[in-house]
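The following exercises are to be worked with the sequence and the model side by side. Each task is followed by a solution in steps.

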Amino acid sequence: MKKRLKGVGGLPRKLFTILMLSAMATLGWAADNSIYIDQAGDGATISMTQDGAGNRVRGIQATGNVGDDKPSIIKGDAISVNIQQIGSGNVLNMGIDTTTANGGSPTDVRYKVTGNNAIGTINLNNGNGGVNASTFLSIEQTGDGARSDINILGRSNSLTVQQTGGNNNKITASINADTVLASVNQSLGGGNETALTVSSNKANLDMVTTGASNITTISQTNGTGSMGQAVKLRVDGTGNTTSISQDGVLDHTADVKIKGDGNTVNLNQQAGYSTGQYAKVDLDNTGGSANTVTVNQSGAVDNTANLKIRGGGNTVTINQRLTP
């Protein structure tokens, strides 16, 4: 079953478009649910549900190309998009192009996938103009082997990710935007991976990892703006590995708390010519052990580390250096 939707460009801001799509695979039939979207106009509400295997949300491919590389196109402000895919081997490829001013009606994009081996690609800069603003993106993954690739470029955007109960799921996000809020929660499961690369004059990241052998990588850089970078990390489990890098002109703050055994955290903070670096590390390991934490701080002004250690066999290394 295939559907193609095309909105009308230049719609008045008060005109609302409502699109509802549903696709369901019948039992015993090789699923091939595909939804193609080309939407232009403000105030659109788009809801999609696909139930089966091998579902696709994408744009129209070139003649003779049966791949999924061309994204659906959604243009306009104050848009609401709700996508749910149920089953294995689902694919989402979507581009959002919105310019809602800060404080105006935001664009809301929610993607929920239940099943194994899903691939989701979401580009919140589909027009490549760097003007995407005031967009809220929510991703929920339940199952094994799911992957989401996210690109955000603009200002005043928010990202929320929830990976629950599965194994070997991966979130990769590239964020080049000012005033960014990002929250990622890897709950239960094992072997899940989150990689965030953030370039912003102000970015606040809130990360939670529970389970075993999960990998979290965070890179934050900032320019010459008036604000800095902050990350809050909570790890509860066994054998998790976390790397945090904060670099830029202004202040950097990291708040890390670890419960469990055999976890590794590497934190690097550098530059900080305004108010310096601050790191808080709490090894709340009553009954936990063998965690390794390394903190490297380098800047022209104050470097501060605040430590709390409980449990046995933990290793903590702090290196602080004032630069000219």
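**Exercise 1: Salt bridges**

Identify the salt bridges of the chain and describe the setting of their partners.

Solution. Step 1: the count comes to four salt bridges, the criterion being a side-chain nitrogen of Lys or Arg within 4 Å of a carboxyl oxygen of Asp or Glu. This is a predicted model, in which local features need pLDDT of at least 70 and side-chain atom pairs count only at pLDDT 80 or more, while totals for chains, interfaces and linings use all residues. Residues are numbered from 1 along each chain as its sequence is written, and side-chain values use heavy atoms, with hydrogens and water left out.

Step 1: Arg 110 is partly exposed because its relative accessible area is 37%; buried means under 20%, exposed over 50% and partly exposed in between, with a 1.4 Å probe and protein chains only.

Step 2: Arg 147 and Asp 149 also meet through their side chains at 2.9 Å, N to O. Arg 147, at 31% relative accessibility, is partly exposed, and Asp 149, at 21%, is partly exposed as well.

Step 3: Asp 255 forms a salt bridge with Arg 234, with 3.4 Å between the closest N and O atoms. Asp 255 belongs to strand 22 (residues 252–261) and Arg 234 to strand 20 (residues 229–238), so the pair ties together parts that are 21 residues apart in sequence. Arg 234 is partly exposed, at 24% relative accessibility.

**Exercise 2: Overall make-up and confidence**

State which secondary structure elements the chain has and where confidence is lowest and highest.

Solution. Step 1: the chain has zero helices and 27 strands; these elements are DSSP runs numbered from the N terminus, helices being H or I of at least four residues and strands E of at least two.

Step 1: 45% of the 324 residues count as buried. Of the contacts with a separation of 6 or more, 54% are between residues 24 or more positions apart, a contact meaning heavy atoms within 4.5 Å.

Step 2: the mean pLDDT of the chain is 80, and 81% of the residues score at least 70; pLDDT is the predictor's confidence in each residue, from 0 to 100. Confidence is lowest in strand 1 (residues 2–6), with a mean of 47, and highest in strand 7, at 92.

Step 3: pLDDT stays under 50 over residues 1–16, where the model has 36 contacts beyond four places in sequence. Residues 23–31 also stay under 50, with 15 such contacts.

**Exercise 3: Two buried polar residues**

Is Gln 85 buried or exposed, and which atoms does its side chain reach?

Solution. Step 1: Gln 85 lies in strand 7 (residues 80–86) and counts as buried because its relative accessibility is 0%.

Step 1: its side chain reaches the backbone oxygen of Val 91 at 3.2 Å and makes a polar contact with the side chain of Tyr 111 at 3.5 Å. A polar contact is a pair of N or O atoms within 3.5 Å; within protein, one must be able to donate a hydrogen and the other to accept it, and residues adjacent in sequence count only if both atoms are side-chain atoms.

Step 2: for comparison, Asn 214 is placed in the loop between strand 18 (203–212) and strand 19. Asn 214 is buried, with a relative accessible area of 1%, and its side chain reaches the backbone nitrogen of Asn 192 at 2.8 Å. Residues touched by Asn 214 include Gly 189, Gly 190 and Gly 191.

**Exercise 4: Strand pairing and the core**

In what sense does strand 17 pair with strand 15, and which residues touch the most other members of the largest nonpolar core?

Solution. Step 1: strand 15 (residues 170–178) and strand 17 (residues 193–199) pair in the parallel sense over seven bridges, pairing requiring at least two DSSP bridges between the strands. Lys 170 has Glu 193 of strand 17 as its bridge partner.

Step 1: strand 17 also pairs with strand 19 (residues 215–222) in the parallel sense, over seven bridges. Here the bridge partner of Leu 196 is Ile 218.

Step 2: the largest nonpolar core has 53 residues, of which Met 48, Met 94 and Leu 159 touch the most other members. Strand 15 gives the most to this core, with four residues. Such a core is a set of buried Ala, Val, Leu, Ile, Met, Phe, Trp, Tyr and Cys residues joined through side-chain atoms within 4.5 Å.

Step 3: among the residues that Met 94 touches are Ile 37, Met 48, Val 57 and Ile 122.
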